[in-house]
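Here are my notes on this one, as numbered points. Have the viewer open while you read.

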Amino acid sequence: MIRFVAGGVVAAAALVYLSSSALAEPEVVSGPAGDPNCFAPWASETKFFKYPAKEGPYRIALANGYIANTWRIQMIQTAKAYAAQPDVAAKLKEFKVVSTGEDVPAQISAINNFIDSGYDAIVVNAQNPTAFTPVIKRAKEAGVVLVAFDNILDTEDAINVNVDQKGLGVLWANWLAKHLPEGGKILEVRGVAGTSVDTDRHTGIHETFAATGKKWDVVEVLGKWDDPTAQKATADAIAVHKKFDGITAQGGDTGVVQAMIDAKHPFVPFGGETENGFRKFCAKFAGEGLKCSSAGTGPAQVAVAIKTAIAALEGQVVPQSVKLPTAIVEDPNFKEGEDFYPDQSDNFFVGNSFPTCGINFTAQEIMGQTKENQ
């Protein structure tokens, strides 16, 4: 049975662990991975790790940062749902979840406390890709398997699990360029400042626009991947700039479209994420000009990160950088009951499965969990 520890950050303990029970560093070996269908290497030059096998059940922690948007909430719920599945729960002695907000030192402190307390693996959605060097070193020296996902770490001393975030920016910009071949004025609704996801998607968008050789006037606002925040930022931008020819948003897309409706802004081509509410709007208003590309990765990537951590602890070969597939649907191919669900919450992120990893959740499984620390 998994033992859930209540509230707060774990107190430092078990110092003997660091000197006597720590695992050795991983060996760099040849591929393929132990589960090649699930653990696809990022590139041909990606290294493969093999950690010394450790007897379970394991103590695994999720060190999340930002929590104040629906993607992160659903991610926490998905992590708990995955840990509760019988075949996964049998491998876990304890699963701990902590969210520390946008405070990078607080997230680093949480990871340090997990290391000091003898956790076998730590899964992290990092607030900053470059600020974690000392704690990465501590985890490596302590033999703790460190797996970063979504917002990953700028290191080869931890395992990274992610989709091609820059590629998403490229995809959205290409969608807008396809529908606006002469360029135009674009509203770019960005995510959380300083995170690797926001930076990579932003870079992909702007490099792609620049490569077209057309004139693009891009207005940037911060939406924090959150519907209310993105809706207000969009409303303010429309009030100031009056009209945009196209929109791209990294999240909070349902709120962005609602702001257009409220302001009576004409519908325009839109490159955005995979929220159920956004896709409902895309299907409903396609004939009125809301031509959408909806692409991203559901919060279930946290389950792949946990699965990767367990595989590493069991001594399986895993890539240092795991590349996940992207869920994509574009106008005119939005299908009710497959790409969007009228009866489900607008905030629910669709595309929340990874069949190659045996990971698939119902909305009920996810929404039955809480977002709180445990």
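Where does Pro32 lie?

1. Pro32 lies in the loop that runs between β1 (27–29) and β2 (48–50). Keep in mind that this is a predicted model. The detail to check there is the peptide bond from Gly31 to Pro32, which is cis, with omega near 5 degrees.

2. There is another cis bond to look at. The peptide bond from Gly56 to Pro57 is modelled as cis, with omega near 0 degrees. Pro57 lies in the loop between β2 and β3 (58–64).

3. On to backbone phi. Asp150 is not a glycine, yet its phi is positive, near 60 degrees. You'll find Asp150 in the loop between β6 (145–149) and β7 (159–162). Is Asp150 buried or exposed? Asp150 is buried, because its relative accessible area is 5%, below the 20% cut-off.

4. Trp225 sits in the loop between β9 (215–222) and α8 (227–241). With a relative accessible area of 9%, Trp225 is buried.

5. Now the disulfides: the count comes to two. Counting bonded cysteines along the chain, they follow the pattern 1-4, 2-3. Cys38 and Cys357 form one of them, with sulfur atoms 2.0 Å apart. This link is right-handed, with 95 degrees about the S-S bond. The pair ties together distant parts of the chain, 319 residues apart: Cys38 is in the loop between β1 and β2, and Cys357 is in the loop between β16 (353–354) and β17 (359–360). Both Cys38 and Cys357 are buried. Pro32 is in that β1 to β2 loop as well.

6. The other disulfide joins Cys282 to Cys292, S to S 2.2 Å. Which hand does the disulfide of Cys282 and Cys292 have? The torsion about its S-S bond is about -90 degrees, so the disulfide is left-handed. Cys282 belongs to helix α10 (residues 276–284) and Cys292 to strand β12 (residues 292–296), ten residues apart. Cys282 and Cys292 are both buried.

7. How many of the nine residues of α10 are buried? Seven are, so α10 counts as mostly covered, because buried here means under 20% relative accessible area. The buried residues are Asn276, Gly277, Phe278, Arg279, Lys280, Phe281 and Cys282. Arg279 and Lys280 are on that list, and both residue types count as positive. The cover over the buried residues of α10 includes α9 (253–262), β11 (270–272), β12 and β15 (327–330). Cys292, the disulfide partner of Cys282, is in β12.

8. A word on Val135, which is in helix α5 (residues 133–142). Val135 counts as buried, since its relative accessibility is 2%. What is Val135 in contact with, leaving aside its neighbours within four places in sequence? The contacts are Ile108, Ile111, Asn112 and Ile115. Val135 and Gly194 are 59 residues apart in sequence, and their C-alpha atoms are 19 Å apart in space.

9. Zooming out to the whole chain: it has twelve helices and 17 strands. The radius of gyration is 21 Å, close to the 21 Å that the globule rule gives for 374 residues, so the chain is as compact as a globular protein of that length. Along the principal axes, the C-alpha atoms fill a box of roughly 65 × 40 × 35 Å.

10. Of the 374 residues, 56% count as buried. Among contacts between residues at least 6 apart in sequence, 74% join residues at least 24 apart. The accessible surface comes to about 14,500 Å², and 53% of it belongs to carbon and sulfur atoms. As for charge, there are 33 positive and 43 negative side chains, and the centres of the two sets lie 2 Å apart.

Conventions: Residues are numbered from 1 along each chain as its sequence is written. This is a predicted model: local features need pLDDT of at least 70, side-chain atom pairs count only at pLDDT 80 or more; totals for chains, interfaces and linings use all residues. Side-chain values use heavy atoms; hydrogens and water are left out. Helices (H or I, at least four residues) and strands (E, at least two) are DSSP runs, numbered from the N terminus. Buried means under 20% relative accessible area, exposed over 50%, partly exposed in between (1.4 Å probe, protein chains only). A disulfide is a pair of cysteine sulfur atoms within 2.5 Å. Contact means heavy atoms within 4.5 Å. The radius of gyration is taken over C-alpha atoms; the globule rule is 2.2 Å times the number of residues to the power 0.38. Accessible areas come from the Shrake-Rupley method with a 1.4 Å probe; for residues, only the protein chains shown count as cover. The place of a charge is taken as NZ of Lys, CZ of Arg, CG of Asp or CD of Glu.
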